[in-house]
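Q: Please take a close look at the metal sites of this model. Which residues hold the metals, and where do those residues lie?

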Amino acid sequence: MSSTTNFNADLHCHSVVSDGTLTPEALAERAHANGVNLWALTDHDELGGQQRARAAAAVLGMEYLEGVEISVTWMGQTIHIVGLGIDATHVGIVEGLRRTREGRANRAKLMAEQLLKVGIPGAYEGALHFAGNHDLISRTHFARFLVEQGVCRDTEQVFKNYLIEDKPGYVPHLWATLDDAVAWIKAAGGVAVIAHPGRYKLSAMQMDELYKHFKDIGGLAIEVITGSHSPNQFATYGKIAQQYGFMASRGSDFHDPDESHIDLGCLPHLPDSLTPVWSMFH
Ligand code: AMP
Ligand code: MN
Ligand code: MN
Ligand code: MN
């Protein structure tokens, strides 16, 4: 399948099983209504929504790839690796993700302690209230709680003022290693993709090292068209994909109808000069 204008793949989004606000079924319907032909649910560090997403897509006659977005620590920074076309029941990835999730509850408690020090009480319970899956408490749930409390007007402002490095609610965390994440995805029969490369606070040299190492260990693609990239970045990362010989992926990173700038399936198509990652699956 090529990236011709009538094929609509959206291979990155989140449900209530991680930090999205819609169920897998509601996401499937929304994707289908928006014209998506090939869909993947890619919850953070969690495969609990895969069966529901696959079943809902099948009912709608929409092609589906089992997916995940794995939190990784690389050179002291958090990066995200998407896995596509995995077997979500494969023991290696299931067990690896269980370990990756483990530290989240403790991190959340530390975040709440720090927020208390700046005059925001009850953040742990408050964030938990927004988490559809208590094993997957994320900064996004804290952001929604702080908006509810009237501390900030939207989640973007909460991240900017409270939840990123050097801000009061930020707690550093050690996620999976890049090598483990890619190995789990490969062993589960999937393709590893660097998510939203434009978002990382890494130097050009570090990014070069990331691409080369990722490629060495069997990583095959990067996201080019994503809700996290500006139009300039679509061009930049299209060139990177060609330069390093990666396939290109496309995904909205949709979380919520009000919070997400880009809806499911509603983003530019991949340039024809790139090899779509879904060519692996057709
Ligand atoms: P966590 O895995 O708990 O560290 O949370 C990461 C999630 O927070 C990401 O997947 C995004 O959904 C969200 N996020 C990160 N940075 C921002 C930001 N600047 N604005 C809004 N949401 C963000
Ligand atoms: Mn998220
Ligand atoms: Mn991400
Ligand atoms: Mn995401």
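A: Along the chain, the donors of the manganese ion (ligand 4) follow the pattern H-x1-H-x54-E-x183-D. In this predicted model, local features need pLDDT of at least 70, side-chain atom pairs count only at pLDDT 80 or more, and totals for chains, interfaces and linings use all residues. Residues are numbered from 1 along each chain as its sequence is written, chains are lettered from A and ligands numbered from 1 in the order in which they are written, and side-chain values use heavy atoms, with hydrogens and water left out.

The donors of ligand 4 are His12 (NE2), His14 (NE2), Glu69 (OE) and Asp253 (OD), at 2.1 to 2.2 Å. Donors here are N, O and S atoms within 2.8 Å of the metal (3.2 Å for Na, K and Ca); water is not among the atoms, so sites may look incomplete. Histidine 14 sits in the loop between strand 1 (9-10) and helix 1 (24-33), and aspartate 253 in the segment after strand 8 (247-251), so this pair ties together parts 239 residues apart in sequence. Helices (H or I, at least four residues) and strands (E, at least two) are DSSP runs, numbered from the N terminus. Histidine 14 and aspartate 253 are both buried, where buried means under 20% relative accessible area, exposed over 50% and partly exposed in between (1.4 Å probe, protein chains only).

The manganese ion (ligand 3) is coordinated by Glu69 (OE), His80 (ND1) and His196 (NE2), at 2.1 to 2.2 Å. Glutamate 69 belongs to strand 4 (residues 67-74) and histidine 80 to strand 5 (residues 77-84), so the pair ties together parts 11 residues apart in sequence. Both glutamate 69 and histidine 80 are buried.

The manganese ion (ligand 2) lies 4.5 Å from ligand 4 and 5.6 Å from ligand 3.
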